[in-house]
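This report considers one predicted model, with attention to charged pairs, aromatic pairs and strand pairing. The sequence and structure are shown first.

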Amino acid sequence: ASIASSTSAAVPRGVATVDASGNYNLAVTTSSFYSGNNIRSGASDGGGNYWGAGAASGTVYLGTGTPATVQSTKVNTRVIQDISGNLYFSTSSGAGTPASLGIDMINGTPTSSSSAVNLINTGSSSSPYDFAFNSSLTTAYIADSDAYTTSSGIGGVEKWSLVGSSWTFQYSLSMGTNGAVGLAVDFSGANPTIYATSANGASLFAVTDTGSSATGTLLDTAGANEAFRGLDFAPTPEPSACALMGMGLVGLWSFHRRKRKS
């Protein structure tokens with residue numbers, strides 16, 4: 001049955017973690033928030049505290065303390081992230097009052113009632129989902145679930161730049177015939193490389209931002225009964241202590257053999 005049609009008392013909503021080795025853990029659940037609606041995203045500070053984004057519940061703290069509403073002015077939220085110790089989240093249509101869409105910021109990582117400010121107003125014609133900032137927080141890419149059209153110049157993946165004290169729209173990058181939902185950006189090169197999942201969940205795209213004419217390249221297609229949704233870079237596990245010990249023993253054994261031969 002649809003999650004959105006079930007109560008959270010009957011079907012608790014949750015935030016889970018997956019570590020670098022692929023181990024899954026259901027970290028926190030709630031039987032009160034997001035009832036009769038969807039939980040869409042989770043964020044963590046790495047210290048056992050979690051925050052959720054979703055429909056009709058705003059920003060919710062879920063963690064070591066008592067679950068609580070952090071902000072409910074923007075009730076319809078989509079993706080939430082902890083960036084440099086502040087919470088950022090995207091809002092969608094019907095987000096609440098004021099009805100500004102885009103990316104909002106909550107100062108710090110509060111575990112009780114707080115407030116949010118609209119950082120990037122993407123406009124009423126947009127449909128923002130995932131987002132990524134560069135390390136200096138001067139460039140942002142926002143996944144827009146509306147398909148890119150040449151007539152409007154919006155949809156797909158939007159690029160925004162901090163000009164003075166204001167965030168300014170630059171251009172949109174096409175991701176084929178669909179908009180974008182999941183997003184991850186590699187800022188290490190001269191031109192950022194953007195990875196995005198399509199709004200219909202069927203495709204994974206990549207595009208190097210060389211300007212407004214750059215277009216996405218199809219990387220993969222979802223299999224039967226599968227869909228691409230959120231997207232992020234995963235950490236690479238370091239060699240285990242046992243592996244390092246094994247390499248050390250091999251080295252000692254090799255040295256011992258060479259010494260005996262000499």
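The structure is a predicted model in which local features need pLDDT of at least 70 and side-chain atom pairs count only at pLDDT 80 or more, whereas totals for chains, interfaces and linings use all residues. Residues are numbered from 1 along each chain as its sequence is written, and side-chain values use heavy atoms, with hydrogens and water left out.

**Salt bridges**

A salt bridge is a side-chain nitrogen of Lys or Arg within 4 Å of a carboxyl oxygen of Asp or Glu. By this rule the count is two. One of them joins Asp209 to Lys159, with the closest N and O atoms 3.3 Å apart. Asp209 lies in the loop between strand E17 (203–208) and strand E18 (217–221), and Lys159 in strand E13, so the pair ties together parts that are 50 residues apart in sequence. Strands (E, at least two residues) are DSSP runs, numbered from the N terminus, as are helices (H or I, at least four residues). Lys159 is also buried, at 17% relative accessibility.

A salt bridge likewise links the side chains of Lys74 and Asp104, at 2.8 Å from N to O. Lys74 belongs to the loop between strand E6 (68–71) and strand E7 (77–83) and Asp104 to strand E9 (residues 102–106), so this contact ties together parts that are 30 residues apart in sequence. Both Lys74 and Asp104 are buried.

**The four-stranded sheet**

Strand E13 is part of an open sheet of four strands, in the order E11-E12-E13-E14, with antiparallel pairing. Two strands pair if DSSP finds at least two bridges between them. Strand E11 (128–133) and E14 stand at the edges with a single partner strand each, so one side of each is left without a neighbour in the sheet. Neighbouring strands are turned by 25 degrees against each other on average, direction ignored; the axes are lines fitted to C-alpha atoms, for helices over the stretch in contact, and angles run from 0 to 180 degrees between N-to-C directions.

E11 pairs with strand E12 (residues 139–144) in the antiparallel sense over four bridges, and Ala140 in E12 is the bridge partner of Phe133. Strands E13 (residues 156–163) and E14 (residues 166–173) are joined over seven bridges, also antiparallel. Here Lys159 stands opposite Tyr171 in E14. The hairpin of E13 and E14 has two residues between the strands, and Gly164 takes a positive phi near 70 degrees.

**Aromatic pairs**

Rings of Phe, Tyr and Trp (its six-membered ring) pair if their centres lie within 6.5 Å; planes under 30 degrees apart count as stacked, over 60 as edge-to-face and the rest as tilted. The count by this rule is seven aromatic pairs, including the two tabulated here.

| Pair | Centre to centre | Angle between planes | Class |
|---|---|---|---|
| Phe131 and Phe133 | 6.1 Å | 75 degrees | edge-to-face |
| Trp160 and Phe169 | 5.5 Å | 65 degrees | edge-to-face |

Phe131 is buried, with a relative accessible area of 2%, and Phe133 is buried at 12% relative accessibility. Trp160 also counts as buried, at 7%, whereas Phe169 is partly exposed, with a relative accessible area of 29%.

Definitions and conventions: Buried means under 20% relative accessible area, exposed over 50%, partly exposed in between (1.4 Å probe, protein chains only).
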